Amino acid sequence: VEEYANRFPDLAAEIRDLFPTISAMERLGTHRILDQEISQRIVPPKQLGDYRIIEEIARGGMGIVYEAEQISLGRRVAVKVLPSSALNRTKDVMRFQREARMAAALHHSNIVPVFGVGEDRGHHYIVMQLIRGVGLDEVLREVSRNYVEEEGRDEHLVRANRFNAIVRSAANLIDSDIALKSTAVDLQADTKPLSEMPDGDRQPIPSRLKPLTYDYYRNVARIGLQAANALQYAHRQDTLHRDIKPGNLILDEDGRVWIADFGLAKAVEEQEVTRSGDIVGTIAYVAPERFQGKTGKSSDIY
């Protein structure tokens, strides 16, 4: 950074301000590419401790999630296997276990319960309740393709049963009155399409969009309310999520939203603190103050 600042003294202040962030984003992008290349070569384990692996159900930058059977209890659970790069020192493992215990202490109807953590032949994993649902990122892509932009579905890219779940969730979001299971607030849905609402309540719709029903916007508000209540509860327990994004909000078939990965993002961020300039999280959803290393309740809400 100083080399560039010296070469361009008229821009030195801007260079010193912006280049560390650019550098952090470059490093984060490189790490993700490497993680993706590594994860594509991973052979799924057949069993981890008491858990028999059934199939992969999701993957991301922070690991791969499998559906598994807990043999001793005969129940289905979700097991997230962390990449080896995330926990490569003894103190990292201790932090991870401590934060997982904090996450396991959260009891809220919109937070995916954490059952425990474990390690088997070098695989560190976290065990959670198995939620029959799909991420809001997938649901929103379906809404965009088929209700807004009419791009068509990429059916061949998604397993049939998961694809059907995505389609059902998107249809429920558009056309039904999803349940509000975790709050005392009663939002009465209006089933009229926006085109039939009073002019004072209706916003102009671009001509390329299909008119979405009023239910859709009520459902969006319900989802936001459920997530906000869950975050408020967690913050009262002095727990921050640090990676809130559509992919970590799971919409089940009853219309309930579940926040996933509580505690995991925090544990990873703490072990990264000593690496100057690193940004942990998903760039598109990172609150501005996170780039200065500051994190608080408002960062989660952002």
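The largest nonpolar core of this predicted model has 25 residues, and Ile111, Val139, Val143, Ile259 and Phe262 have the most contacts inside it. Such a core is a set of buried Ala, Val, Leu, Ile, Met, Phe, Trp, Tyr and Cys residues joined through side-chain atoms within 4.5 Å, where buried means under 20% relative accessible area, exposed over 50%, and partly exposed in between (1.4 Å probe, protein chains only). At least two core residues come from each of helix 4 (136-148), helix 5 (160-175), helix 6 (214-236), strand 8 (249-252) and strand 9 (257-259). Helix 6 gives the most, with seven residues. Helices (H or I, at least four residues) and strands (E, at least two) are DSSP runs, numbered from the N terminus. A second, separate core has twelve residues, among them Ala100, Met128, Ile131 and Ala260.

Now let us turn to the rings. There are three aromatic pairs in the structure; rings of Phe, Tyr and Trp (its six-membered ring) pair if their centres lie within 6.5 Å, with planes under 30 degrees apart counted as stacked, over 60 as edge-to-face and the rest as tilted. Tyr216 and Tyr217 have ring centres 5.2 Å apart and planes at 80 degrees, so they form an edge-to-face pair. Tyr216 is buried at 11% relative accessible area, while Tyr217 is partly exposed at 38%.

Residues are numbered from 1 along each chain as its sequence is written, and side-chain values use heavy atoms, leaving out hydrogens and water. Because the model is predicted, local features need pLDDT of at least 70 and side-chain atom pairs count only at pLDDT 80 or more, whereas totals for chains, interfaces and linings use all residues.
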